[in-house]
Amino acid sequence: MDLRNAPEASLDDIFEKQILDADGLRRALTRIAHEILERNGGAHDLILVGMRSRGAPLAHRLSSLISQFEGTAVPVGELDITMFRDDLELRITRPAIQPTVIPRDLTGTTVVLVDDVLYTGRTVRAAMDALLSFGRARQIQLAVIVDRGHRELPIRADYVGKNLPTARHELVEVRLREVDGTDEVVLLSHPRSGTNQA
Amino acid sequence: MRRKDVLDLDDFTADELREVLETTAAMKEVLARPIRRVPPLRGKTIVNCFYEASTRTRVSFELAAKNLSADVVNITASGSSVEKGETLVDTTRTLQALGADMVIMRHGASGAPYLVARELEASVINAGDGWHAHPTQALLDLFTVQSRLGSIEGRRVAIIGDILHSRVARSATWGFTTLGAQVVLCAPPTLLPIGFADAVNTGLRAKGIVTACPVTVTHDVDEALRDADVVMALRVQRERMDSGLLPSLREYSREWGITRERIAKARFGALVMHPGPMNEGVEISPEVAYGPQSVIEAQVTNGVAVRMAVMYLLAGGRAGPAV
C-alpha cells in the first residue's frame, strides 16, 4: 500500500522522522556541487536539468552554488516527464503536464539530471527518453538528494546526498523552501501499513 | 477530464475547457522541440474517417496523432466500401473489429458521430458533423484568443457570416460563453439561426454559468462590431446565393464584409479570425486577412497542438484503478 493513497491515514497515524534538516540539506547540496565540478573538470558545456517538480528548484540551487565556486554560470533546464511515463495506461485520467524549458540544444553537452528521490528508477528512464528529443548529449549524469533503494531498472545515481535504506511502504519526502516553505528531508511511515506490501 | 468522446462543447464544463487549453500549451512546447515526438499514444491506432472532403482538418489530426506516436489510418468515403453501400453502422462495427482505439469522424449528416460513439467502445472525436458542431475548431479558437489576449472571461466575440449553416459558429459559441465571454452572432436575416441563442442561454444556466446576455443575435454589423475584442469571419458560400438566401455575394460583401473600414469599428487591436478556407473579397478583404490584427495563421498552427491535447486527454487508460 502506497502511503500516498492510504485511505484511513490521518496526521496522527503517520510517523514522521527527520533525516536531514535545513543545514544537512545545504551541506549535501554543497558537496554535490563540488563533486560535479571535480568529476567534470569544471563547468564547461555543463547543463543542469531538474525533473519536475522538486528537481527544478534543486537544479537552480546547484547552479548558484557552482557559480559561487567556479565563477561560471551553468544553464538550468526544467523537464516534465509525464508523457514519457510507462504507467500512463494504469491511470483513469491523464496527469496534468507542467511546462518543459530546455534553454539550448543538448548535443555535445554534459547533462546532469537532478531529482529529489531515486527509487525504482522509472522516472529517470523516462527523463532520459525525453532528453533524446533535445539533441544527443555527450553524457548524462544523475544527481539526487536521497537514494532510497528498490531499483526496478538498471539505473544508478552519480551524485547522492544521502543513501537511505527504506521499506516499500515508507515514503521519503524532500521538502524545499521554494515549494513547501521549509528545507528538510523526512521519512514517513504508517504503523499498520507494513502488512500490505505494494 | 473523464470522458469517452469529444462530440461538441455544449457538455464541457469550464474546468474541462481549461484543462484542454493548459494541455495545449504543453503540446505547443513539444512542437518547438528538435524532435517533435512524445510517446503517450504509442501502440494506439487512430482512424481518420472522413465522409466529407477536408485537407486542413484531416492533415492536422494526422500530424497530431503521429506526434503522439500513434499509428494512423485514413478512410475517405470515395474509394471505400461506402461506395458499395456500406452503412455507417456497419463501417463502425468493422472498425471496432479491426481494433481502432480512436475514431476521428467528419460527416455530412448532423449527429452521425453521436451514432458512431454509441456503437463503438473506442473514443470518437467529431471533426465536423453537418451544420451542427466542430469542437476541435472551437478549442483552437479559444486557445488562440487566450494566447493573444491572456483571458477569455468578459471578452466580446463577434461572429459574422453564414451562421445558419456553420458548425464552427455553434461550437465556438458554446466554448466562448462557457468560459465567460459574450458572443454576438451577426448575419443577413436569412442566414441567422432560429432558437440557437435561446438554447445556448438555457444550456449555460444549466451548467451554472452566469453571464449577462451571453449570446445575442443581430443583422446589424456595426452593432456586432462595437467593443468587440475578437471578430471571427465565416465563409459565405456561392451556393447560398444560388439557393435564394442571398441576392448576391457582392451585396453580402458590401453590407457585412470585414474590410479595413469595418474592422476599425471594433475595439482597438481586436483579433481577426477565420476558420478557413477564406473567400477573399467576400466575407473578408485580403488586407484584413493578412493584416496586423489577423491571427488566422496562428489558428492553423494551434490546431495541431489542440488536437494533440484532446487525443492525449481522451486516451487515458480506463482499465485499472487510479494510481
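Which handedness does the crossing of α5(B) and α13(B) have? In this predicted model, the crossing of these two helices is right-handed. Helix α5 of chain B covers residues 135-149, and helix α13 of chain B covers residues 296-314. Their axes come within 8 Å and cross at roughly 115 degrees. On the side of α5(B), the contact is made by Thr136(B), Leu139(B), Leu140(B), Asp141(B), Phe143(B) and Thr144(B). Helix α13(B) contributes Ala298(B), Gln299(B), Asn302(B), Gly303(B), Val306(B), Arg307(B) and Val310(B). Sorted by class, the residues of this contact comprise six nonpolar, five polar and two charged.

With the helix pair in view, the rest of chain B can be taken in. Chain B holds 13 helices and nine strands. Its C-alpha atoms fill a box of roughly 55 × 45 × 40 Å along the principal axes. How does the radius of gyration of chain B agree with that of a compact globule? For 323 residues, such a globule would have a radius of gyration near 20 Å, and chain B has 20 Å, so the value agrees with a compact globule. Of the 323 residues in chain B, 48% are buried.

Next comes a sheet in chain B. Strands of a sheet pair through backbone hydrogen bonds, and the pairing can be parallel or antiparallel. Here, four strands of chain B form an open sheet with parallel pairing, in the order β2-β1-β3-β4. Strands β2 (71-76) and β4 (123-129) of chain B each have a single partner strand because they stand at the edges, so one side of each is left without a neighbour in the sheet. From one strand to the next, the twist averages 15 degrees. Strand β1 of chain B, residues 45-50, runs parallel to β2(B), and six bridges join the two. In one of these strands, β2(B), Val72(B) is the bridge partner of Ile46(B).

Finally, chain B also meets chain A. How many residues of each chain are in contact with the other? The contact involves 19 residues of chain A and 21 residues of chain B. On the side of chain A that touches chain B, there are ten nonpolar, four polar and five charged residues.

Methods
Residues are numbered from 1 along each chain as its sequence is written. Chains are lettered from A and ligands numbered from 1 in the order in which they are written. This is a predicted model: local features need pLDDT of at least 70, side-chain atom pairs count only at pLDDT 80 or more; totals for chains, interfaces and linings use all residues. Two residues are in contact if their C-beta atoms, placed from the backbone, lie within 7 Å. Ala, Val, Leu, Ile, Met, Phe, Trp, Tyr, Cys and Pro count as nonpolar, Asp, Glu, Lys and Arg as charged, and the others, Gly among them, as polar. Two strands pair if DSSP finds at least two bridges between them. Axes are lines fitted to C-alpha atoms, for helices over the stretch in contact, and angles run from 0 to 180 degrees between N-to-C directions. The radius of gyration is taken over C-alpha atoms; the globule rule is 2.2 Å times the number of residues to the power 0.38. A residue is buried if 20 or more other C-beta atoms lie within 10 Å of its own, exposed if 12 or fewer, and partly exposed in between; C-beta atoms are placed from the backbone. A crossing is left-handed if the near helix is turned anticlockwise from the far one by less than a right angle, and right-handed if clockwise.
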